[in-house]
Amino acid sequence: MSLDVKKIKEMFPIFSNNPSLIYLDTTASALKPKAVISSLNDYYNNYGVNIHRGVYNLSYEATELYEASRRAVAEFINADYEEVIFTKGTTNSLNMLAQSYLFKLKPGDEIITSELEHHSSFLPWLNVSKKTGAKLVFAKLDENGDIDLEYLKKIVNKNTKIIALTYVSNVMGRIQKVKEFVEIAKSVGALTVIDAAQAAGHLKIDVKDLGCDFLAFSGHKMMGPSGIGVLYINKKHHNIVEPFEFGGEMVNYVYKDKAEYREAPIKYEAGTPIIAGAIALKQAVELINEIGFTKIKKHIKKLNEYTLKKLKEIDGVVVYNKSDTGIITFNLEGVHPHDAATIFDNKNICIRAGEHCAQLIVRWLGETATLRASFYIYNSEEDIDKFIETVKEAVRFFKKF
Ligand SMILES: Cc1ncc(COP(=O)(O)O)c(C=O)c1O
């Protein structure tokens, strides 16, 4: 059975509030379903209290909702409950992790990165490299923009301490062979840090099967609230990875000269957490589970193929990638993407234009900026038809100049 997009659109209040909206920018942020919005409201309307520290029923109940979401997220990525750390998002997760490594790397150590990385998966390691003297080593991309595994095997060595790579690039949209990255890393005792921001809403992440050490993603890219994210820390590191922040609730005993921290996950969540965001993330997880990745993937593949076929029929359109996750990176020949984007905006079609916070891969494509259309469960073929009409119109319009 294919997805009933009309029914799905009804789950998203934005489509009743803005009926002509064609949203093709899920890669930047997914739209939010009613269940997520209601869950946020429910917390603020009926709880509004702090968690973990309250000695009254309302706080116990709110704590239970928060921890129930952690359990749902753990199941979602096949992690153990204590391996799921709530953060502000992928950027926050990866920065916290990189900062904690600042003190563990030294000159001569190597960190493997790639041109495929979003800035939030690259800049934290660039910073670590500058501060510690550890060397950044670039994995090679093949002609499709995938990490070349043979080359990766060649560049790892006993100095490789971290392999920090993306699961799915937000420009190329292709699923990378994370399990193989992990095997290669293990062969030299290096740790793996996986940026799963674009993977979480599109494919089943199974951290046990992958065997990775760390993995990060954001709630807002999988229909959850903005401001909530996840850092998975494999429990074998819980005694090694120190807390990233220090403050309330993460400690058992405090003395004038030392402190004893609580166990994970709480030791990594100092201060009042993003309570409403974490609770509402469970609704996004449940919606994805209810629909299932098989249907999600099938639907997105169909839209992707349909769009590519139509785009190919238009002279003056360059498509740069062959995505597995409904991301089409393209340009209109001779037209700056920002100029082209205004034509789409005039039609209430949201697409992305620019360098996508991933300058290295945009440059690898030989460009300084591109357009990007991305699809999710609430997009239909009619959306694509309107998008294609607008592409044609934009091509005609800019030909005149
Ligand atoms: C591949 C990838 N990694 C990381 C991020 C950063 O996510 P956030 O801005 O939610 O922290 C993004 C956001 O676009 C992304 O696409």
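This is a predicted model: local features need pLDDT of at least 70, side-chain atom pairs count only at pLDDT 80 or more; totals for chains, interfaces and linings use all residues.
Residues are numbered from 1 along each chain as its sequence is written, and side-chain values use heavy atoms, with hydrogens and water left out.

**View 1. Helix α12 against helix α14.** Helix α12 (residues 337-346) packs on helix α14 (residues 381-399) at an angle of about 130°, and the axes are 10 Å apart. Those axes are lines fitted to C-alpha atoms, for helices over the stretch in contact, and the angles run from 0 to 180 degrees between N-to-C directions. Helices (H or I, at least four residues) and strands (E, at least two) are DSSP runs, numbered from the N terminus. Which residues of α12 and α14 meet? From α12 come D339, A340, I343 and F344, and from α14 come F387, T390, V391, A394, F397 and F398, where contact means heavy atoms within 4.5 Å.

**View 2. The seven-strand open sheet.** Follow the order β2-β8-β7-β6-β5-β3-β4 through this sheet of mixed pairing; two strands pair if DSSP finds at least two bridges between them. β2 (84-87) and β4 (135-138) are the edge strands, each pairing on one side only. From one strand to the next, the twist averages 20°. Zoom in on β2 and strand β8 (residues 229-233): four bridges hold this antiparallel pair, and T87 has G229 in β8 as its bridge partner.

View 3. Helix α5 (residues 90-101) lies across β2, β5 (160-166), β6 (191-195), β7 (214-218) and β8, and runs at about 150° to β7. Helix α8 (residues 178-187) lies across β5 and β6, at about 160° to β6.

**View 4. Strand β12, covered on both faces.** Is strand β12 (residues 327-332) largely enclosed or left open? Six of its six residues are buried, so β12 is largely enclosed by the rest of the structure; buried means under 20% relative accessible area, exposed over 50%, and partly exposed in between (1.4 Å probe, protein chains only). I327, T329 and N331 are on one side, with I328, F330 and L332 on the other. In a regular strand, side chains alternate between the two faces of the sheet.

**View 5. The four-strand open sheet around β12.** Here the order is β11-β12-β15-β14, with antiparallel pairing. β11 and β14 (352-354) are at the edges with a single partner strand each, so one side of each has no neighbour in the sheet. The twist averages 30° from one strand to the next. Strand β11 (residues 317-319) pairs with β12 over three bridges, and V319 has F330 as its bridge partner in β12. Four bridges join β12 to strand β15 (residues 370-374), where A373 stands opposite I328. Another three bridges join β14 to β15, with G354 opposite T370.

**View 6. Helices across the four-strand sheet.** Helix α11 (residues 293-312) lies across β11 and β12, running at about 15° to β12. α14, already seen with α12, lies across β11, β12 and β15, at about 20° to β12.
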